Amino acid sequence: MSASEDLITIAGLGKTFSDGGGLTFTRPTGGVRAVDGVSFSVKRGETLALVSESGCGKSTLGRLLLRLIEPTDGSVTIEGRDLTALTPKEMRAMRARMQMIFQDPYGSLSPRRTVAEIVAEPLEVFGLVKGSRNKRERVAELLEQVGLSPTFMDRYPRQFSGGQRQRIGIARAISVNPQFIVADEPVSALDVSVQAQIVNLMQDLQEQRHFSYLFIAHDLSVVRHIADRVAVMYLGRIVELGPKARIYGQPSHPYTQALLSAVPEPDPDAPKARIILSGDVPSPANVPSGCSFHTRCPIAEDICRTTRPPLAETVPGHFAACHFAKPNPIPVKPAASALQIETTVESSLP
Amino acid sequence: MTLSASNAAAVERDAAAPLLKVENLAVEFGPVEKPLRVVDGVGFSIPAGGALGIVGESGSGKSITSLAIMGLIPSPPGRIVSGRVEFEGVDLLGLPRSRMPDIRGRDIAMIFQEPMSSLNPVMTIGDQIGEAIKLHEETTREERRARVIELLKLVGMPDPAKRIGAFPHQFSGGMRQRVMIAMAVACNPRLLIADEPTTALDVTIQAQVLELMKEVRRRLNTAVLLISHDLGVVADIADRVVVMYAGRVVEDGDVRAIFKRPGHPYTRGLLQSVPRLDDDRRRLYQIPGAVPLPGTVKAGCPFYARCPDRIDKCAKAMPPMFTLAPGQSAACWVSAGATS
């Protein structure tokens, strides 16, 4: 399987949510532009991480890719076929190849169905199993693949911990052998030790089955361990996109640099030259003019308030939408280098 | 490395006259005949102006510990079955129930994870912060208004005189947490308990709130008890760290010692499983298995089933806290030098 082949491509994808206008006391505002002109592709077997803070449109974008919501403009192409042009019947068949893993392991599993019913549902919908014995065998296999005992099959979701529920959700997603999985903050609600288990499981499954992930996250720390490339989003637009090593080593958009510096490191001697952005993410109903990040950007100048910078390639494969794009654009005082964890810790690990 | 066993009290010798001293705290839930012990033998102390972080995963008993200190364990079904919570030399557990509201808010204040559900939606933020002052101090309306504006300025609220009449829903999550902090420090408390104060916030807003908490601590010399599952947040704020597992303290030490030379295998596992920005590992270290449910560990070390270093002794007897280095102790037979 060629690693460079594009599995899914989106071009100029946009979504405007209208405000309905049904209530007498609300004035029509022209709607909220949640996703605006997003283009990228995901290769076969690749993990593209999509990172942004709340309200920047990352979950909407994930749902647009699966056509769970209809785009206002732009296209989604999977293996050369335009999703938005498919008939409902064709779309239904296509759904077996695209699955989703949700953030909330509590809200995304029906409390009234057994694990077997939950995991087997996609198989039944697509007619991939016949007979209850065959079905139970398949469910048992799937549960084993996600690290759960098949004896759990007849239990209900409430009998499981958050991490186990997330495994059930993963078993459901992989049951139909998808080629593309959108994972919407799959580990954000989990404890740190459970996060590590789930991230490792997701990587193992990808190695065995060669599907692609769009891995949606709200900070950059977990992403480093699973992504091949990273896209950073701000107020509905991609502001930086590039290979993992570039994004972490030479972030070229000030927002990416600030996101990286905001992650608290589990190290009391970590360099403390943290970039503190002022204020909050503006409302997507009222996006600032020019570069939408200018209201919080420490290096904004006049041009940023008037002219939106295009997403331009800085080096091959690395794109940034900033008038002043360059590696680490925000100047920070050099901090004392962090001490390394003493070798006694490393050597005592299994 | 000294290997003498020590009890929790001896560990605290370096903290001269601590502001808060918790000893042998135990909390049970459920029916008295069949209790579930969710906090067991917990002890630590915080000096005036100090910052202690309690680290643990869901179900470790860290939030219940903080509620017990505040006298806020819902009873029934919960009850404190043993221990002392000494604040400035007074045992809070021995106080009549009617005295606690005086202490809460004035001497010990608390901020919670959910700033929206902890604020009154139908009261202006000015009135809510003012109420905290009014409860504990004789003040006039004008004095209170001036104090509230002062407090909003302290927590970095833009245009405080104007925002004083706004309601919680008019603020973002980060701004609401600032309001919570303003309310908490309104009476200059000597101890601020912060239970997952930034967990619901975006990472750039979390960075703002952490800076604010450090600033408040510097300016008012308020001691901080920070409860968090996030080792990064703890490393940023605390100067001492207590690691809890299954209702017990398993490690206690200076923040540098804990992060550089973790003494308990659970602490080591937690640190290794944190995703880090300065690390290119494809696979994360994972602690096998899951946290035991309360009441399922009958004997021995609660971490036994998941421990990479376990020996036979660990299954039989619960290890006491051993002093591993000055100011660092851990409840582990193996770290303390026992061999199979």
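Predicted model: local features only at pLDDT ≥ 70, side-chain atom pairs only at ≥ 80, totals over all residues.
Colleague: Let us start with the contact between the chains. How many residues of chain B are in contact with residues of chain A?

Modeller: On chain B, 45 residues are in contact with 41 residues of chain A. Four helices of chain B each supply at least two residues of that side: α8 (203-220), α9 (231-237), α10 (255-260) and α11 (265-273).

Colleague: Which helix gives the largest share of the side of chain B that touches chain A?

Modeller: That is α8(B), with eight residues. By type, the side of chain B that touches chain A divides into 20 nonpolar, 12 polar and 13 charged residues.

Colleague: How do I think about the directions in which helix residues point?

Modeller: Here is the general idea. An α-helix has 3.6 residues a turn, so residues three or four places apart point the same way. Now the case here. The buried residues of α8(B) include Val203(B), Thr204(B), Ile205(B), Leu212(B) and Met213(B).

Colleague: What do the buried residues of α8(B) pack against?

Modeller: They pack against elements of both chains. From chain A there is α9 (254-262). From chain B there are α7 (173-184), β7 (191-195), β8 (223-228) and α9. Look just past the helix as well: Asn221(B) takes a positive phi of about 55° there.

Colleague: Now a strand. How do I read its two faces?

Modeller: In a regular strand the side chains alternate between the two faces of the sheet. Ser212(A), Leu214(A) and Ile216(A) lie on one side. Tyr213(A), Phe215(A) and Ala217(A) lie on the other. Both faces of β8(A) are covered.

Colleague: Which strands pair with β8(A)?

Modeller: One is β3 of chain A, residues 47-51, which pairs with β8(A) in the parallel sense over five bridges. There, Leu50(A) has Ile216(A) as its bridge partner. Another is β7(A), which runs parallel to β8(A) and is joined to it by five bridges. In that pair, Ala183(A) stands opposite Phe215(A).

Colleague: Which helix forms a β-α-β unit with β7(A) and β8(A)?

Modeller: It is α6 of chain A, residues 192-209, and the unit is right-handed.

Colleague: Let us turn to backbone angles. Which residues of chain A have a positive phi without being glycine?

Modeller: Glu79(A) is one, with phi of about 50°. It lies in the loop between β4 (73-78) and β5 (81-82) of chain A. Asn177(A) is another, with phi near 55°. Its place is the loop between α5 (162-174) and β7 (180-184) of chain A.

Colleague: Why does Glu79(A) count as partly exposed?

Modeller: Count its neighbours. Glu79(A) has 14 C-beta neighbours inside 10 Å, so it counts as partly exposed. Asn177(A) is partly exposed too, with 14 other C-beta atoms within 10 Å.

Colleague: Last, the peptide bonds. Where are cis peptide bonds found in chain B?

Modeller: One joins Ser75(B) and Pro76(B), with omega about -15°. Another joins Pro76(B) and Pro77(B), with omega about 10°. Pro76(B) lies in the loop between α2 (62-70) and β4 (79-87) of chain B. Pro77(B) is found in the loop between α2 and β4 of chain B.

Technical notes
Residues numbered from 1 in each chain as written. Chains lettered and ligands numbered in written order. Buried ≥ 20, exposed ≤ 12 C-beta atoms within 10 Å, placed from the backbone. Contact = placed C-beta atoms within 7 Å. Nonpolar A, V, L, I, M, F, W, Y, C, P; charged D, E, K, R; others polar. Pairing = 2+ DSSP bridges. Right-handed = clockwise from strand over helix to strand, strands pointing away.
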